[in-house]
Amino acid sequence: DLGGRDRPLTEEEMDQLEAYYERTEKEWDQLVAGMFKDCGLAPESFAEYEKLREGHEEAKMDAFQEYHNKMIEKYGDSYEYNPADEQDAFDDKVNGEYQDKLKKLLGESCYPRYVEKREIFNDRIRREQNPEFGVMLMDF
């Protein structure tokens, strides 16, 4: 699936997309690191957040792979599904577990600030998105 595109991305477009993802990740990391500092959290807390974020991504991939394997077992190699809907179900489960861990790390007073910053960041990303490349939202 080319995501509504009539052709695959060129190498130059792939480079642009990779640069976009790297810029977005860097900007998000800087925003969150500043928020941790503003909340009075120790630098070690941000390092713990980074570990949680990495674990969150790995857990999402593991959960989806597990689902994929079950579907192959049930329907065979050629089953079809809507990845967005299926992925959302697994993301919600994993995300809930990791949001609880993050809430514990940040504390009751700082966690709502994190959620607000993430929503504002994602809203801006949506507004600025390039329709050719889609959008990269922060879910953690």
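This is a predicted model: local features need pLDDT of at least 70, side-chain atom pairs count only at pLDDT 80 or more; totals for chains, interfaces and linings use all residues.
1. **Helix 1 against helix 4.** Helix 1 spans residues 11–38, and helix 4 spans residues 111–128. The two pack at an angle of about 155°. Their axes lie 11 Å apart. Angles over 145 degrees count as roughly antiparallel, and helix 1 and helix 4 are therefore roughly antiparallel to each other. Their crossing is right-handed.

2. **Who makes the contact.** Helix 1 contributes Tyr20, Thr24, Glu27, Trp28, Leu31, Val32, Met35 and Asp38. Helix 4 contributes Arg113, Tyr114, Lys117, Arg118, Phe121, Arg124 and Ile125. By type, the residues of this contact divide into eight nonpolar, one polar and six charged.

3. **The largest nonpolar core.** This core has 25 residues. Tyr49, Leu106 and Tyr114 have the most contacts inside it. Helix 1, helix 2 (43–75), helix 3 (83–106) and helix 4 each supply at least two of its residues. Helix 1 gives the most, with six residues.

4. **Tyr114.** Leaving out residues up to four places away in sequence, Tyr114 touches Trp28, Val32, Met35, Tyr49, Gln99, Leu102, Leu106 and Phe140.

5. **Arg7.** Look for Arg7 in the segment before helix 1. Its relative accessibility is 33%, so Arg7 counts as partly exposed. Arg7 and Phe121 are 114 residues apart in sequence. In space, their C-alpha atoms are 30 Å apart.

Conventions
Residues are numbered from 1 along each chain as its sequence is written. Side-chain values use heavy atoms; hydrogens and water are left out. Axes are lines fitted to C-alpha atoms, for helices over the stretch in contact, and angles run from 0 to 180 degrees between N-to-C directions. Helices (H or I, at least four residues) and strands (E, at least two) are DSSP runs, numbered from the N terminus. Angles under 35 degrees count as roughly parallel, over 145 as roughly antiparallel, 65 to 115 as roughly perpendicular and the rest as oblique. A crossing is left-handed if the near helix is turned anticlockwise from the far one by less than a right angle, and right-handed if clockwise. Contact means heavy atoms within 4.5 Å. Ala, Val, Leu, Ile, Met, Phe, Trp, Tyr, Cys and Pro count as nonpolar, Asp, Glu, Lys and Arg as charged, and the others, Gly among them, as polar. Buried means under 20% relative accessible area, exposed over 50%, partly exposed in between (1.4 Å probe, protein chains only). A nonpolar core is a set of buried Ala, Val, Leu, Ile, Met, Phe, Trp, Tyr and Cys residues joined through side-chain atoms within 4.5 Å.
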